[in-house]
Amino acid sequence: MNLFYTGYTVLASFVFFLALPFALIYARITGKYSDHLEERLGRIPGRCLEKLQGHPRIWIHAVSLGEVRVADAVIAALKKRMPECSVLLSTTTKHGRELAETLDPENIPVVYAPLDLIFCLRPALSRIRPRAVIFIETEIWPAWVFEARRAGARVAMLNGRISPRSFPSYRRMRPLLKQVLACFDIFSMIQPADRERIIALGAHPKKAVASGNAKYEKIAAALDPDAEARMRQILDLPENAQVLVAGSTREGEEEIILDAYEKILKIFPEAILVIAPRHIERAGAIATLINRKGHSCEFRTRIGDKENLRRAKIVIVDTFGELFDTYSTATVVFCGASLVPLGGQNPFEPAAWGKPVLYGPSMEDFTDAVEMLEAEGGGAAVSDSEAMAATITQLLKDPKQLQSMGENARKAVFKHRGAADIHASYIEKLLTGKQGEVENAD
């Protein structure tokens, strides 16, 4: 055990026992963090172990929602390559756990990750006995990494990403990180720039590769070639209609969208607006707002057949599960929850259909997708109704620019298709003794 790890272990344990009484009082009063406390202390339930029937056993850690989406794609790729393997998935956040439990509840046990302490990790590793421990994205937990290696497991980072903004902070800890990174067998990063940054922090160059982003792997696979014709018929949209789709909007955004729409109508009077609120129980309030502004509208549930054709230029989608297919009919898409500080919605869903994608300044939950879209020229931020109207009007006036932006958006999505299988291939190599292939993959 090296000096750094000894110091880290002593300090982490001291902080844990110092904070424990206060944490227990807080959990008792608020009810937070008290669920599954035994799992956080490394006590893996027997019902989870019972599901680990195949070999090799692989422990994947995915912090929250975004990482769980990556894990889902990677697990599917691993199962194709190693059908007999069994996977345990750990998360840190409640929302991440909720999503993880929907993936394959019969075969993939889900637990909360143990605290990064020896006395939590050793019992967990002893019970799970993984051949490999995989950290999704940039998760670097010293005790977990050291203890996994001590238990004889291979250690990997998949879909790794180090942003330019976070890199200086990591670099200040390079002397400490270098010792932890030396314990990893493979760093399968997203982009070449991520690979260069992890090497700059101390990773061995022969263990670092750029493999693409698996986070949005399943979006491209979800495209239904019949969706556009079906949704155009339901919404009664002419072939050349100019359709603006505002998806997953939140309170406070519809008024801005309507103000922009009114400006667009002055130049394109036949433009159709489709609003899909994130919470459909708000549909009535949105209809009232639209009527108050002097427009008529219809609910999606009241149109869709020959006897109930759309008559209004504004449609409110008050159904579950249709937004993704509705994007296929759009000329331009706006992603909601972004003009208000709520983190945004997934811009790759409309981008997969080849649609120009607009969004507000609050896209914190999808910064990676925004970076990829803007790098390809398929997405643009708008800050208010003026900017939204101006951008959409410019696109509608210039069909070549409109088409180009849509193609670029689609390119951003498909550029990383197959990344999950590439990530999985390195785990297969690690576990089948083909380490040489990994070390020379560059």
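What is the volume of the second largest cavity? In this predicted model, the second largest cavity has a volume of about 60 Å³. Its lining is formed by Asn-213, Tyr-216, Glu-217, Ala-220, Phe-348, Met-372, Ala-412, Val-413, His-416 and Arg-417. Two or more of the lining residues come from each of α11 (217–221) and α19 (399–414). By residue class, the lining of the second largest cavity comprises six nonpolar, two polar and two charged residues.

The count of cavities of 30 Å³ or more is two. The largest cavity has a volume of about 80 Å³. It is lined by 13 residues, of which Leu-244, Ile-257, Leu-273, Met-388 and Ile-392 are the closest to its centre. At least two lining residues are supplied by each of β8 (243–249), α13 (253–265), β12 (332–335) and α18 (385–397). The greatest contribution to the lining of the largest cavity is that of α13, with four residues. The lining of the largest cavity contains 13 nonpolar residues and no polar or charged ones.

Burial was also examined along helix α6. In α6, which spans residues 118–128, the buried residues are Ile-118, Cys-120, Leu-121, Ala-124, Leu-125 and Ile-128. Viewed down the axis of α6, these buried residues fall within an arc of 155 degrees and therefore line one face of the helix. An α-helix has 3.6 residues a turn, so residues three or four places apart point the same way. Arg-129 follows α6 and has a positive phi, near 50 degrees.

Notes
Residues are numbered from 1 along each chain as its sequence is written. This is a predicted model: local features need pLDDT of at least 70, side-chain atom pairs count only at pLDDT 80 or more; totals for chains, interfaces and linings use all residues. Side-chain values use heavy atoms; hydrogens and water are left out. Buried means under 20% relative accessible area, exposed over 50%, partly exposed in between (1.4 Å probe, protein chains only). The arc is that of the directions from the helix axis to the C-beta atoms. On a 1 Å grid over the protein atoms alone, a cavity is a set of points where a 1.4 Å probe fits but cannot get out, and a pocket is an open set with protein on both sides within 12 Å along at least five of seven lines; lining residues have an atom within 4 Å of a point. Grid points are joined across faces, edges and corners, and a volume is the space filled by probe spheres set on the points. Ala, Val, Leu, Ile, Met, Phe, Trp, Tyr, Cys and Pro count as nonpolar, Asp, Glu, Lys and Arg as charged, and the others, Gly among them, as polar.
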